[in-house]
Amino acid sequence: MSGFLLVAGIVILVTVLLGLVRILRGPGDAERLMAAQLLGTGGVAALLLLGSATDLTAATDLALVLALLAAFAAVAFVAGLGMAVPDHRAGQGASGSASRADGDSPAGAGG
Amino acid sequence: MDLADGFTAIFVSLGAFFFFAGWVGLVRFPDSLSRLHALSKADNLGLGLVIIGLMPQASWPFGVLKLVALWLLGVLIGGATAQMLAGAIHLDDGREPPGGNGDFARRTSEAGRNNEPGAAH
Amino acid sequence: MPEIPLPDPRWADLPLAFAVLGLALWLTLTRGDRAAVIGFTGYGLLVAVAWVRLGSVDVALTEAALGGGLMGVLLLTAVARLGSDIDQPRPSLPGDLLIGLLCLGVAAGLAAVVLGLPSPAPSLVAAVEDHQAAIELGNPVAAVLIAFRAVDTLLESVVLALAVIVLWSFGADRAWEARPRALDFGEPSPALVLLARLLPPVGLIVGVHLFWTGADHPGGPFQGGAVLAAMALLVWLARLGRPPPVTDGFTRLGIVVGPLMFLLIGLAGVVLAGAFLGYPDAFTKPLILLIEAAKTLSVAVALALLVAGPPALSGALSMRRTGSTETGAKA
């Protein structure tokens with residue numbers, strides 16, 4: 001069983017790595033963020049299989065942390081889009097975002 | 001023991017197959033949204049099958065419960081992340097995300113700010 | 001059934017090593033800042049898997065939590081605030097070659113040292129195992145951190161608190177009463193808000209679990225605190241809550257309670273056990289757990305605040321769009 005799990009883990013790991021190659025090439029940064037998604041699912045699966053094969057009891061804990069935190073790059077990226085978008089749409093977009101930011105600040109400073 | 005091993009072998013193989021299918025989709029699909037679709041659906045399904053396959057090998061009860069919790073977490077995070085990434089891809093292509101993304105978010109943020117969610121986390 | 005020889009687990013290492021090296025190369029060569037940061041987060045996660053293969057799950061947990069999660073948020077928010085049109089002259093080709101040669105030299109030196117170690121490499125593992133039973137901790141890493149090298153860990157907690165103070169000092173004087181604004185972005189996507197509502201309770205359990213299980217299994221206060229900090233950041237990024245102002249008493253207490261508890265117990269050890277940071281035999285494990293609990297809280301608060309940034313007035317957000325550098329004073 002360990003041998004099978006090990007081979008399966010290696011297969012999934014290689015699939016994840018090949019997927020990374022394709023994703024990091026992709027046009028646009030949002031596309032590259034799919035790497036986080038890929039590692040969050042594929043990486044977790046590979047880790048669980050490899051951990052099960054080599055009898056590593058802490059592999060599930062690491063898989064939990066990996067699953068939780070792999071999304072954070074996407075979270076930060078998407079949150080940052082509220083500010084970053086004006087770079088591509090200079091002028092109109094910038095003023096729109098600026099008014100949003102200024103509208104936020106009185107409420108924020110008052111709190 | 002043989003039944004458990006056979007169960008594991010079948011489901012883990014299915015899971016690996018779906019990961020491979022997800023990779024094929026990643027490489028062959030023409031645009032970002034389709035690739036995201038391939039990634040989210042196929043890979044999440046693959047993860048679920050792998051976890052189901054690993055359950056007979058895990059200790060009962062807590063090992064199995066941890067695996068189930070991990071799967072639920074993966075599904076939740078995968079779904080939300082896919083939505084966020086799809087919105088980002090729409091913005092990258094110069095479109096507004098569909099579904100009135102901005103209006104809903106603005107309304108919930110207004111409500112949240114008026115209720116003063118609290119000083120510390 | 002015929003005996004199939006077990007494949008060597010090291011077969012998994014080859015693609016992993018190639019991927020880590022390839023990704024590192026891609027990171028240095030890629031043009032876009034955001035692309036590089038995203039790749040760097042992925043790199044952190046891959047290196048975490050590599051650490052598992054090297055047998056250090058504790059380091060792997062720290063790498064995943066810090067390198068993958070917190071550093072990713074820190075760098076991405078920095079890139080978002082700086083904007084994607086950063087005008088920087090590219091280093092010249094001779095400069096690039098020199099940097100490359102120096103890096104290669106360092107790598108070659110490290111490889112020579114590691115590969116030239118005698119075959120059972122000198123290590124203190126045996127010594128740790130001999131004395132571990134007295135501490136009642138199953139995890140040798142925890143035993144070393146909390147018991148055998150406790151001074152280093154105490155100093156590390158203090159350094160973390162100092163780092164927060166240094167970061168706060170970057171805030172303008174007149175912004176001192178305000179909240180940190182580095183995470184102040186526009187409207188959060190509804191999916192992000194959903195995630196920030198559902199994930200923190202899970203993250204809280206995982207963080208506390210990591211701290212508790214660190215006594216006997218890989219984990220510990222640092223990893224647990226990092227996960228807790230990540231959950232706080234999630235809530236702040238989704239605008240369901242805001243980072244506390246630096247004048248908030250509870251925040252300051254949270255930063256300080258870890259090092260303070262450690263120091264007090266250490267000083268008590270002078271009286272009760274005859275040495276600074278000595279633990280009296282009867283209370284060793286409870287004292288250690290108390291120190292670690294306080295440390296988890298402090299690490300969580302400090303890491304979250306380190307990513308949240310210095311206190312700033314609302315006008316500071318416009319510095320990127322105007323491109324002026326004197327607004328650095330506002331931030």
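The model is predicted, so local features are reported only at pLDDT of at least 70 and side-chain atom pairs only at pLDDT 80 or more, while totals for chains, interfaces and linings use all residues. Residues are numbered from 1 along each chain as its sequence is written, and chains are lettered from A and ligands numbered from 1 in the order in which they are written.

Chain C contains 12 helices and zero strands, where helices (H or I, at least four residues) and strands (E, at least two) are DSSP runs numbered from the N terminus. Its C-alpha atoms fill a box of roughly 65 × 55 × 45 Å along the principal axes. Of the 331 residues in chain C, 45% are buried, meaning that 20 or more other C-beta atoms, placed from the backbone, lie within 10 Å of the residue's own. Among contacts in chain C with a separation of 6 or more, 72% join residues 24 or more positions apart; a contact requires C-beta atoms, placed from the backbone, within 7 Å.

Turning to the domains, the assignment for chain C gives domain 1 (8-83) and domain 2 (124-331), with bounds from an automatic or database domain assignment. The centres of these two domains, taken over C-alpha atoms, are 22 Å apart. Contacts link 15 residues of domain 1 of chain C to 18 residues of domain 2 of chain C. The domain 1 side consists of nine nonpolar, four polar and two charged residues (Ala, Val, Leu, Ile, Met, Phe, Trp, Tyr, Cys and Pro count as nonpolar, Asp, Glu, Lys and Arg as charged, and the others, Gly among them, as polar).

One helix pair can be followed closely. The axes of α3 (residues 57-82) and α9 (residues 221-237) of chain C come within 9 Å and cross at roughly 25°, which makes α3(C) roughly parallel to α9(C), a term for angles under 35 degrees. Residues meeting here include C:L61, C:A65 and C:V73 in α3(C), and C:F222, C:A226 and C:L233 in α9(C). By class, this contact has 11 nonpolar, three polar and no charged residues.

Some backbone details are also worth a look. C:R239, in the loop between α9 and α10 (249-272) of chain C, has a positive phi near 60°, and counts as buried because it has 26 C-beta neighbours inside 10 Å. In chain B, the peptide bond from B:W60 to B:P61 is cis, with omega near 0°.

Methods. Contact = placed C-beta atoms within 7 Å. Axes fitted to C-alpha atoms, helices over the stretch in contact; angles between N-to-C directions. Parallel < 35°, antiparallel > 145°, perpendicular 65-115°, else oblique. Buried ≥ 20, exposed ≤ 12 C-beta atoms within 10 Å, placed from the backbone.
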